[in-house]
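Morning, everyone. Let me put the structure up, and then we will walk through it.

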Amino acid sequence: MTDQDDDQGHDRDHDHEHGREEKGRTPRLATGFADADRSAGLLLWQVTNRWQAAQRAALKPYDLTHVQFVLLASLTWLQSDGPVTQRNLADHAATDPMMTSQVLRVLESRGLIVREPHPHDRRARALAATPDGRALANRAIVAVEACDADFFGALGEDVPAFATALLRLRNAADQGLRDA
């Protein structure tokens, strides 16, 4: 960090950061960060992509995409508490409702889930993982959790604090969506 950087890596002298050309150089992005490795958003993007690649590899033997696994595992988890609607599932997994519907059609065509009449709402359908779907989710979760342990193992004893920080971010984002 230079004398001109503050604690977050922001350059106090933004001239070169905000489009003022230095002779022979293309102007940099007009960012408040002196170093890309100080941007929490970029770092989250990079780490998320690497984590998703590791999860894709872990799920390949189960012939499941990551989103298929998340929805199947979430459904398996949720259905123990009663009927699950597509909306309940999408909310739990934080997935787009349209994409959720498309993925559920694939899982249904593979015999991993069924859509049945909802016992309390005649307009809704209740989703349920089939015995094959539950068995697959329970086999795949072992690989997913092993992948997570390996990937997040670099944090050592900080994993619980990291999970707590992620929970705070998710809850704040959820609150922001509700307030919007």
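Start with a side chain: is Asp-174 buried, partly exposed or exposed? Asp-174 is partly exposed, with a relative accessible area of 30%. On the terms: buried means under 20% relative accessible area, exposed means over 50%, and partly exposed is in between, with a 1.4 Å probe and protein chains only.

Some ground rules. This is a predicted model, where local features need pLDDT of at least 70, side-chain atom pairs count only at pLDDT 80 or more, and totals for chains, interfaces and linings use all residues. Residues are numbered from 1 along each chain as its sequence is written, and side-chain values use heavy atoms, with hydrogens and water left out.

Now the overall layout. The protein chain has 6 helices and 2 strands. Helices (H or I, at least four residues) and strands (E, at least two) are DSSP runs, numbered from the N terminus. Their order from the N terminus is α-α-α-α-β-β-α-α. Of the 180 residues, 26% are buried. The chain exposes about 12,400 Å², and carbon and sulfur atoms supply 54% of that. Those areas come from the Shrake-Rupley method with a 1.4 Å probe; for residues, only the protein chains shown count as cover.

Contacts next. A contact means heavy atoms within 4.5 Å. Take the contacts between residues at least 6 apart in sequence: 47% of them join residues at least 24 apart.

Which helices cross at roughly 85°? Helix α2 (residues 66-78) and α4 do, and their axes come within 10 Å. Axes here are lines fitted to C-alpha atoms, for helices over the stretch in contact, and angles run from 0 to 180 degrees between N-to-C directions. So α2 and α4 are roughly perpendicular, the label for 65 to 115 degrees; under 35 counts as roughly parallel, over 145 as roughly antiparallel, and the rest as oblique. On the α2 side, the contact uses Val-67, Gln-68, Leu-71 and Leu-72. On the α4 side, it uses Met-99, Thr-100, Val-103, Val-106 and Leu-107.

Look at Thr-100. It sits in helix α4, residues 97-109. Thr-100 is buried, at a relative accessible area of 0%. Beyond four places in sequence, Thr-100 touches Leu-71, Gln-86, Ala-90 and Thr-95.

Move on to Leu-112, in the loop between α4 and β1 (113-117). Leu-112 is buried too, at 5% relative accessible area. Its contacts beyond four places in sequence include Leu-64, Leu-72, Ala-128 and Leu-136. Leu-112 and Arg-134 are 22 residues apart in sequence, yet 7.6 Å apart in space, C-alpha to C-alpha.

Now charges. How many salt bridges does a search of the whole structure find? It finds 5. The criterion is a side-chain nitrogen of Lys or Arg within 4 Å of a carboxyl oxygen of Asp or Glu. One of them pairs Asp-63 with Arg-110, at 3.7 Å, N to O. Asp-63 is in the loop between α1 (40-59) and α2, and Arg-110 is in the loop between α4 and β1, so the pair ties together parts 47 residues apart in sequence. Asp-63 is exposed, at 56%, and Arg-110 is partly exposed, at 33%.

Back to Asp-174. Its salt-bridge partner is Arg-170, with the closest N and O atoms 4.0 Å apart. Both lie in helix α6, 4 residues apart, about one turn of the helix. Arg-170 is partly exposed, at 49%.

That is the tour. Questions, please.
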